[in-house]
Amino acid sequence: MTNLENAQMDMLAGKVKMTQQSVNTAMNPSDALDRPIRLTARDVTVHYGAKQALHGISIDIPDRAVTSFIGPSGCGKSTFLRCINRMNDTIEGAKVGGTIKLDGEDVYDPNLDVVELRARIGMVFQKPNPFPKSIYENVAYGPRIHGLARNKADLDEIVISSLRKAGLFEEVKDRLGEAGTGLSGGQQQRLCIARAIAVGPEVILMDEPCSALDPIATAIIEELIDELRENYTIVIVTHSMQQAARVSQKTAFFHLGNLIEEGVTEDIFTNPVNKQTQDYIMGRIG
Amino acid sequence: MTDLLGTGRKAANERTQLVRAGLRRRHRNEQAFRILGIVAICCALGFVALLFTDVLRKGIPAFHQATLHLDVTYDPTLLNVDPVPERTAGQSDADFNAARLAWQRSVAMLNWNKVVEAALRTVTPAGLEIDSRQLLTIPETNARHVIREAFVANPNLLGRTRSFDLLASANVDNWVKGNIDRELGDAQQQMPAQARALVDGWVADGTITQDFAWGLFTNVDSRAAPASAGLAGAFMGSLYMMLVVIVLAVPIGVASAIYLEEFAPKSRLTDLIEVNINNLAAVPSIVFGLLGAAVFINFFHLPRSAPLVGGLVLTLMTLPTIIIATRAALQGVSPALRQAALGLGASKTQMVFHHVLPVTFPSILTATIIGVAQALGETAPLLLIGMNAFVASVPGSIVDQATALPVQIFLWQGNENRNFFEARTSAAIMVLLGLMILLNAVAIFLRTRLERRA
């Protein structure tokens, strides 16, 4: 708690003090942008009926790094995130324009099956939403519907290693048969991360994954995100600028449906080019 | 204005006074509403209690019935009957069956009332003068059939004596239970004086006792022998109808609800369908009866009075209830669960069948059972498709003529033998209410059980 408060104080004072992970990034400032590009978005627009929610977003998402989207409420950052795995398809009256490419393949190609896409791009939601089933079943569900395990032994292995990667295995190894909904909030969110990992995605989208968690659970998830970036391309939407500063290598600032500024996290927080970004980071808007 | 929002001590005190003044009124209102609520609950409970006590008070006596314990002698002098045909060597099946049928017919032609009368005479006190006609009003008219059936089943009874528990007639039952004023003059009594005296004597010596009326559950309706009228036919009719309703209404209703809620595109057409389904739930049930008569009977020529047609009509009536309740249950599923499934790459069908349906299953089940219970108690539409016919047999299939429990109650309520059938009607209501309570209890049990597991 005091750490968070300190960080906030420092940020308000304009002298951003990086946490452990961000300090690592700071040592190699080009790290984030030197990476190959995994996802490219060009001129992405979203309309909800007559209302335009996104105005031509273009951004490149680097491979095996954490990209964070920040901005005030209703700025379109979650909407854009949900375009990437086409979750907006499920919303009545939502229309998406422009192109989003994953490894050069158009995500909105009518020949592309959305089921396959979502197997490649996993998602973790704002509120932990485990299935009302056992911990084991929660993790096993994805591999099972996609036919990733040939037999029970394979499935067991997937479940255990997913739970390990999500840092949950040691806590739940004796009660895999118990309901996932009986875990604490932070554990539930890690269970959801394990569930996403179990499908073997290349990209993991996280929509404010810590907003419903207490600071300790948040710290654990942030650490986990930092570990996961070794193997996964991660895009995270967050309300907390401190979180963005701590976990991400690249940051994009959204405002009123526009992408205002994007760049290496450290640059955005220490040296924003745009006036609006400056104001937001200084706490003057949002 | 400035005074009202003043920050000084005085202004604050004034505001407190204002709040206090209003507080009394607020408390009074709250109290008034609480009292109104309690009064309403008491009224409702009072009426329910009134209904139940009335039904129980009238119905409970009907579960016991005056029964005659008689030793019946199959006297060969009264029963001039050939021996049962034995199969002779070389006789064909057809000939043998014909011979047996002829024998049975000859047995049926005998005057069995003489046997009944002889049995009654053996227990009649020597001094009492009573003619055969009056004597034979004491047992129910089906007594001779019961004695004859026993003989047909076992022809060796000829020349022997067997004891029977025979139902007393409805009039005797009323007399024994004290439903008839003993002070009334002969002209107003239902039974002649000698018969009344005889019955009183038999009650005193145990020849007539009040036994549990199993016949109420095992017998079919009867007009010739009202004391033997039972609910077996109506019960089976209702059971067959429930089967038809469950087999048709549940899958169609649940599937329509799932399609409309989860898959159908939101368009003017689906809006129209939704409005119509909601309106159908409010259509008077008798209209469904008219529809059933016009469509199923007149157009499709399905048999009248059949549980099949009754079941179809009740299916139409129950469908909106099931669809609306199922849709409500589906709408109640949290979007987070749907997103979790979709986010993992589940298809829409997988999302519905793997996650949404299991969660809503208890609610759908409850809705279904309540819909079926509602159908079980429905009477009006059945009257229009001929299920109020007098049916004196247990239906063997869904196309046999039958009646239903609530219709049987309606028929008994209108029976001209009021004294006797008032109690029977209440007893039938108790059976129907018992079934309803059972169904609802099953619904509650399954619901809590499934919810605990989920």
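Predicted model: local features only at pLDDT ≥ 70, side-chain atom pairs only at ≥ 80, totals over all residues.
Residues are numbered from 1 along each chain as its sequence is written, chains are lettered from A and ligands numbered from 1 in the order in which they are written, and side-chain values use heavy atoms, with hydrogens and water left out.

Chain B contains 17 helices and three strands (DSSP runs numbered from the N terminus, with helices being H or I of at least four residues and strands E of at least two). The radius of gyration of chain B is 33 Å, whereas a compact globule of 454 residues would have a value near 22 Å (taken over C-alpha atoms, the globule rule being 2.2 Å times the number of residues to the power 0.38). The C-alpha trace of chain B extends over about 115 × 65 × 40 Å along its principal axes. Of the 454 residues of chain B, 40% are classed as buried (under 20% relative accessible area, with exposed over 50% and partly exposed in between, for a 1.4 Å probe and protein chains only). Contacts (heavy atoms within 4.5 Å) in chain B between residues at least 6 apart in sequence join residues at least 24 apart in 75% of cases.

Helix α3 of chain B, residues 112-122, has as its buried residues W112(B), V115(B), V116(B), E117(B), A119(B) and L120(B). These buried residues pack against β1 (64-73), α2 (93-109), α4 (132-135), α5 (143-153) and α7 (193-205) of chain B. E117(B) counts as buried because its relative accessibility is 17%. Beyond residues up to four places away in sequence, E117(B) touches S132(B), L135(B) and L136(B). At the start of α3(B), a side-chain oxygen of N111(B) comes to within 3.2 Å of the backbone nitrogen of N113(B).

L51(B) is located in helix α1 of chain B and, at 48% relative accessibility, counts as partly exposed.

Over all chains, the structure holds 32 salt bridges (a side-chain nitrogen of Lys or Arg within 4 Å of a carboxyl oxygen of Asp or Glu). In chain A, the side chains of R38(A) and E202(A) form one of them, with an N to O distance of 2.9 Å. R38(A) lies in strand β1 (residues 37-48) and E202(A) in the loop between α9 (185-197) and β7 (203-207) of chain A, so the pair ties together parts that are 164 residues apart in sequence. R38(A) is buried at 15% relative accessibility, whereas E202(A) is partly exposed at 24%.

In chain B, E262(B) and R338(B) form a salt bridge whose closest N and O atoms are 2.6 Å apart. Because E262(B) lies in helix α9 (residues 232-263) and R338(B) in helix α13 (residues 335-343) of chain B, this pair ties together parts that are 76 residues apart in sequence. Both E262(B) and R338(B) are buried.

Definitions and conventions: Polar contact = N/O pair within 3.5 Å; in protein donor to acceptor, adjacent residues only side chain to side chain.
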